[in-house]
Amino acid sequence: MIFPRAVLAGVADGRIDLALRRAARAPAKAGGTQVTDIGVIAFDSVETIPLSGIDAAVARRAGFASRTAALAFLAGRDGPVWRVALRLAGPDPRLALREAAPAADEIA
C-alpha cells in the first residue's frame, strides 16, 4: 500500500492504526509487513466493511478528519471497502544491515 508521509507520521506516533482502502482485492495480507520510510508496518487484520461501518472514530483512526473525509477518499473507486489494522512493528531492517556491512577500505 502507498502511505502519504502524514499518515506514516501518524502511524509512528500511534494516532493512526487503521487504513481504509477500496479495491477489488485485499490491499494487504493479515500477518504481512511492509517496509516504509518510518520502519516496518505490520498488518494485523484485513477485512471488508460496509460504508455504514465507517463512523467518525474509525475515520480518525485511519487519519481522516471526519467520516465525510473518509467517504470522499473512498468515493469513485470500485470494489469493497477494506479495513486494515496496522501498527509500527519496528525499524527498517536494512538499517542494521547497513551498519553491519564492512567499510569499503575493509574489503580486500
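Biologist: Which residues of helix 1 are buried?

Modeller: In this predicted model, helix 1 spans residues 5-12, and its buried residues are V7, L8, G10 and V11. Buried means under 20% relative accessible area, exposed over 50%, and partly exposed in between (1.4 Å probe, protein chains only). Helices (H or I, at least four residues) and strands (E, at least two) are DSSP runs, numbered from the N terminus.

Biologist: What puts them on the same side of helix 1?

Modeller: They cover an arc of only 160 degrees around the axis, so they share a side; the arc is that of the directions from the axis to the C-beta atoms. The face turned away from the buried side carries the exposed residues R5 and A6.

Biologist: And what do the buried residues pack against?

Modeller: Strand 2 (33-36), strand 3 (39-49) and strand 4 (81-90), with contact meaning heavy atoms within 4.5 Å.

Biologist: What follows helix 1?

Modeller: That is G14, whose phi is positive, near 90 degrees.

Biologist: Back to R5. Which residue does R5 form a salt bridge with?

Modeller: R5 pairs with D37, the closest N and O atoms being 3.0 Å apart. The two sit 32 residues apart, R5 in helix 1 and D37 in the loop between strand 2 and strand 3. Both R5 and D37 are exposed. A salt bridge here is a side-chain nitrogen of Lys or Arg within 4 Å of a carboxyl oxygen of Asp or Glu.

Biologist: How many salt bridges are there by this rule?

Modeller: The count comes to five. One of them joins E47 and R83, at 3.1 Å from N to O. That pair also links distant parts of the chain, with E47 in strand 3 and R83 in strand 4, 36 residues apart. E47 is partly exposed at 35% relative accessible area, while R83 is buried at 17%.

Biologist: New topic: where is R21, and what does its side chain reach?

Modeller: R21 lies in strand 1 (residues 18-22). Its side chain reaches the backbone oxygen of I2 at 2.9 Å. R21 is buried yet has no salt bridge, and the nearest side chain of opposite charge, D17, is 12 Å away. Leaving out residues up to four places away in sequence, R21 touches several residues, including F3, P27, F73 and W82.

Biologist: Which conventions apply to the model?

Modeller: Local features need pLDDT of at least 70 and side-chain atom pairs count only at pLDDT 80 or more, whereas totals for chains, interfaces and linings use all residues. Residues are numbered from 1 along each chain as its sequence is written, and side-chain values use heavy atoms, leaving out hydrogens and water.

Conventions. Lys, Arg positive; Asp, Glu negative; His and termini not counted. Polar contact = N/O pair within 3.5 Å; in protein donor to acceptor, adjacent residues only side chain to side chain.
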